[in-house]
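Hi there,

Here is the structure I promised to pass along.

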Amino acid sequence: MNLQRNAGAALMHRPQSAMLNVATAIILTTAMAWAVMPVHAATGPQKPVAPVAARTAVSTEVVASGLEHPWGLAFLPGGRFLVTERPGRLRVVEPDGRLSPPLAGLPPIAAGGQGGLLDVATDADFERNRRVYFCFSEPDAQGAGTNSTALARATLSPDEKALKDVQVIFSQKPKVRSNAHFGCRIAQDGQGGLFLTLGDRFQRKDDAQTLDNHLGKIVHVRTEGGAAPGNPAPAGALPEIWSWGHRNVQGAALGPDGHLWVNEHGPQGGDEINVVQAGRNYGWPVITYGENYGGGKIGEGTAKAGMEQPLHYWVPSIAPSGMAFLTSDRYGAAWKGSLFVGSLRFARLHRLQFDASGRVVRDEYLLDKAGSRIRDVRQGPDGWIYLLTDSPDGQLLRLKP
């Protein structure tokens, strides 16, 4: 995604393309409309609305195909795209669907299982600085067979054939022997910092409740590395930690209300949407609406003092993936402000609609007959929703009304 800054900073940026300026105006207008929406802080969510089939039919247009397990999508000027492939490749996609050769310059990547080259984002000031951020599963430098999630920044070369000046600005601690639960979604905070989601690495779930490690956390860092200003910094906590008690966050977006919104995988049931605030504990694995695979209780129940409740949850799990807010008018006024969430399990796209208090009042799914696992969801500078499908022959799709 293109990392738009907040309203004040956006107005100070030098002009970009006309399309990007229009997109920014749309985002700012919607943000002002959402300013009155409170952050959800209920002591317990109402029973979530059940997903239903959408009343409105949509279709998809294939922009590109031949991508091997594409994972992350970002936008370049001129209607072009940056797409990651999980095995460890980054490509430029032309508007007509042509794929570039893999870009040179990526660091070593521990590709395997759920790991590899995962999310990617372009800086809000990309046309001036050509800066790109990406996250990946980083192997242990000593060859010990362990790995962790890492975040890097780089400069895209003028000929768009390579990444230059690659610098790892954050590396999850500790590295562990696992090929699961990397998290690895990037969102910009609107003030020059980056959020990065970090999974619990599956077999280390209890570490999500301790603050001397980065497992099961969301971190908040500066673009040059180091903890971002304003982090909560509880006693004994690693300085990058923003929130904790997460299982495996695979969708993240800065909402029109200016807050970080995420989705995360529950175990068997209990996938969640959370509006994440600094210094809050989101409960995993002490509280959850899910259960062990095959059945059996996890933790202490569904609520506990000092632990946050989700805004919304799913039972059974949908295996949520990328997500994006719709701020454009491309799909009509009724859909504007909706949150779109990909489903890996059911191979469909969910649209969440909110009431004035910020509660989810409708959860409808689209594309349920398409049969493609949706890995990423983004709104482009042109206002259209774009999707990546997760398969050995994955596609970049444009959602059409």
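A nonpolar core here is a set of buried Ala, Val, Leu, Ile, Met, Phe, Trp, Tyr and Cys residues joined through side-chain atoms within 4.5 Å, where buried means under 20% relative accessible area with a 1.4 Å probe, protein chains only. This is a predicted model, in which local features need pLDDT of at least 70 and side-chain atom pairs pLDDT 80 or more, while totals for chains, interfaces and linings use all residues. Residues are numbered from 1 along each chain as its sequence is written, and side-chain values use heavy atoms, without hydrogens or water.

The largest nonpolar core has 27 residues, and Phe81, Leu349 and Leu396 touch the most other members. At least two residues each come from β2, β3, β4, β22, β23 and β24 (strands are DSSP runs of E, at least two residues, numbered from the N terminus). β23 gives the largest share, four residues. Apart from this core lies another, of 17 residues, including Val120 and Phe136. Over the whole chain, buried residues make up 58% of the 401.

I also looked at an open, antiparallel sheet of four strands, in the order β14-β15-β16-β17 (two strands pair if DSSP finds at least two bridges between them). β14 (249-254) and β17 (312-314) are at the edges with a single partner strand each, so one side of each has no neighbour in the sheet. Between β14 and β15 (residues 260-264) there are five bridges; in one of them, alanine 252 is partnered by valine 262.

Enjoy exploring!

Technical notes. Buried means under 20% relative accessible area, exposed over 50%, partly exposed in between (1.4 Å probe, protein chains only).
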